[in-house]
Structures are given as structure tokens and as C-alpha cells.
Amino acid sequence: SKPLLHVNELGKVFSTRSMFRKKQFRAVHDVNFTLEAGEVLAIVGESGSGKSTIARMLTNLIPATSGDIVYNGESLRASRQLRRKLPTFVQMIFQDPFAALNPHHTIGYIIGRPLQVQHIAEGDLQQRVLELLQKVGLTPAEDFIDKYPYQLSGGQKQRVVIAKVLGLAPKVIVADEPTSMLDVSIGVDIMNLLLDLKDKENLALILITHNLGSARYMADRIMVMYAGQMMECGPAEELIHNPQHPYTKLLLYSSPDPWREQSEAFEVIDPQGKVASGTGCSFHHRCPYATDTCRTKPVKIVQIADGHQVRCHLFG
Ligand code: SF4
Ligand code: MG
């Protein structure tokens, strides 16, 4: 049978023009994966790794430059019908619940308005909003319906965002750093809520994060991205306990506390360097094992175990 989601050779090039030259920046290159209902995939990488660009292509906020995204056998590139229904099929949760909620609207309106657009009968609307509030643990729901976002905590706001998303009955939720602006314990509550809802509603979940700790906690599979490419992908526990790619090892060993934000621990990837790296491994200038081959020869993805892939010349 067809997977719920099939990402095939996905690529994105951004072009910028200055007065004298056109610059191209390859943000995502040759990304492949499939996802089934009930599964959680974490896409892990530093800022600039292309993970948020993938999220935006999955939700059709930006078009892909190459490759395709296929939902239930329907191609996003080819099917206008799919593009039309995509806003209900795939929903995105962003990291900042403060920015996601209109401060002038009540919680009831924020959750109810998209349902109205979907032609839910007026009489059922309030009942449906109350159910959604209950589903995300905002109880008693009646107490929340007339509140405004400023009256809620950060964690409660993220729950409202999740309730609004659930109201559209999506099949896939893409969560881009959904807990990074919350305190650790509140972040864990939100992760548990997403996992619980994933099971109950049989959703597929894509977690975008730079934090291997939350990836491990939530995901069945982890895909590690670097400079727009998938470097390693495998079952979460296997990837954490038995990392193979030099970059995955660096990510793991440079995060003493897996729950802590990791971004400061890394140098920022130089976008110029990425383009300049051309044909070789895009990680070669940071890799302790790099050889001349790594600098010049394109690296292919190698299957090293069932469902475990690595892009590195050390393998295969
Ligand atoms: Fe390091 Fe070479 Fe493997 Fe790239 S291909 S990760 S440079 S060993
Ligand atoms: Mg990002």
C-alpha cells in the first residue's frame, strides 16, 4: 500500500540577486523519506541545516525546486486538488505560541473560526470547541473559551495552538521546535500531549528540532540533516546508541545535557562554504576523518542495516 507521505529526492535552491550577481543557495538537497500514520519522524539539525525549509515545503508554504512530496499517492507537484486540500491534510505547529495566537481574539474564536470556515453547523460549534479544549487538557474547558491569549501561560497557549490544529482533522502534523520556547517540564508535557494525540487520532508527526534529546523522546525514527542533506537516518534508539555518521557522533557527544538547547555549542554553518563545497561531502571541513576523496567525490547514501542509512564515504 502507499505510504501516507513519501518525500522523493526533495530539493530547494534559493536565489538572491544583487546588482552585480545572482547567488544561489542550496538549502535542501536530495532528501528522501516515507512516513506512515501513527509514526513520529524527527528531523534533527543545526540552524541552516535545511530542516525548517523541509517543513515549509511539506506544508506547501514554499514550493520545492526539485523532487516531489507525495501524500497518499497524490503528488503535490502534479495535483492541484491535493494543494487545495493540503491546509487541512497537513498542519504546522511553530515554536512561538505567542506569535501564533491573535491577541485580540478569544480562545473560543481562535479555535472555532477555522471550524466555521469548514462549515460546521453553528449549533455544534461551541460543543466542538469545548471538546477540542478537553482533548488538549485545557479543563474545565468552559473556563477557557472566553479568555484571551494574554491570560494564558506559554504552555497553555501552545495547547490552544494544538487544539486549533486538531480541529482541522489533519493526517500529518509538522511541529517546528514546538517546545523550545517553553520551560523544560512544560515542554515535556507538550511532547507527551502530542504523543498521546498522535496515538488517539492516528496522526503522523514530524518533529523538527536541533535537540537530540527531544528527538529521542518523541520519535520512532531520527533523520540527521547537515547543510541541506540527510547524513544519517535510522530507528531512534539505534541512532542514539549506535551512531555511525561522524556528524551524528559530533551532535551526540557535544550535548552533555540532551535537554538543553544546543545551538550555542556549534559553530554556525557558513552558507558560502556549503555552496563552495560543491561535489564532495558537505561536512568535510569539520570532519576528523576527512580524506581527499571526501573533499572531491560525491557521497552516496548507503543502507547499513534495516531502515538505517548513512551518507559517508567510510561506509559501502
Ligand atoms: Fe567525514 Fe568523509 Fe564521511 Fe564526510 S564522507 S562524514 S568528510 S568521513
Ligand atoms: Mg528553524
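Before checking handedness I wrote down the convention: a crossover is right-handed if, with the strands pointing away from the viewer, the path from the first strand over the helix to the second runs clockwise. Helices (H or I, at least four residues) and strands (E, at least two) are DSSP runs, numbered from the N terminus.

**Ground rules.** This is a predicted model, where local features need pLDDT of at least 70, side-chain atom pairs count only at pLDDT 80 or more, and totals for chains, interfaces and linings use all residues. Residues are numbered from 1 along each chain as its sequence is written, and chains are lettered from A and ligands numbered from 1 in the order in which they are written.

**Whole chain.** I counted 13 helices and 12 strands in the protein chain. Its radius of gyration, taken over C-alpha atoms, is 21 Å, close to the 20 Å that the globule rule gives for 316 residues, so the chain is as compact as a globular protein of that length. The rule itself is 2.2 Å times the number of residues to the power 0.38. The C-alpha trace spans about 70 × 50 × 45 Å along its principal axes. I found 40% of the 316 residues buried, which here requires 20 or more other C-beta atoms within 10 Å of a residue's own, with 12 or fewer called exposed, anything in between partly exposed, and C-beta atoms placed from the backbone.

I took two strands as paired if DSSP finds at least two bridges between them. On that basis eight strands form an open sheet of mixed pairing, in the order S6-S7-S8-S3-S9-S10-S12-S11. S6 and S11 (301-305) stand at the edges with a single partner strand each, so one side of each is left without a neighbour in the sheet. Neighbouring strands here are turned by 20° against each other on average, direction ignored; the axes are lines fitted to C-alpha atoms, for helices over the stretch in contact, and angles run from 0 to 180 degrees between N-to-C directions.

**Strand S7.** Is S7 (residues 172-176) covered or open? Five of its five residues are buried. Val-172, Val-174 and Asp-176 lie on one side, with Ile-173 and Ala-175 on the other. S7 pairs in the parallel sense with S6 (residues 90-93) over four bridges, and Val-174 is the bridge partner of Met-92. S7 is also parallel to S8 (residues 204-209), over five bridges, and Ala-175 stands opposite Leu-207 there. Together S7, helix H8 (residues 184-201) and S8 make a right-handed β-α-β unit.

S11 and S12 (residues 308-311) run antiparallel, joined by four bridges. Ala-305 has His-308 as its bridge partner, and Val-302 stands opposite Val-310. Two residues lie between the strands, and Gly-307 in the turn has a positive phi of about 70°.

I then traced four strands in an open antiparallel sheet, ordered S2-S1-S4-S5. S2 (22-35) and S5 (74-75) are its edge strands, each pairing on one side only. Five bridges join S1 (residues 5-17) to S4 (residues 66-71), with His-6 opposite Val-70.

**Ligand 1.** Last, I listed the shell, counting residues whose C-beta atom, placed from the backbone, lies within 6 Å. Among them are Cys-281, Cys-287, Cys-294, Cys-312, His-284 and His-313. The shell divides into 10 nonpolar, two polar and no charged residues.

Methods: Ala, Val, Leu, Ile, Met, Phe, Trp, Tyr, Cys and Pro count as nonpolar, Asp, Glu, Lys and Arg as charged, and the others, Gly among them, as polar.
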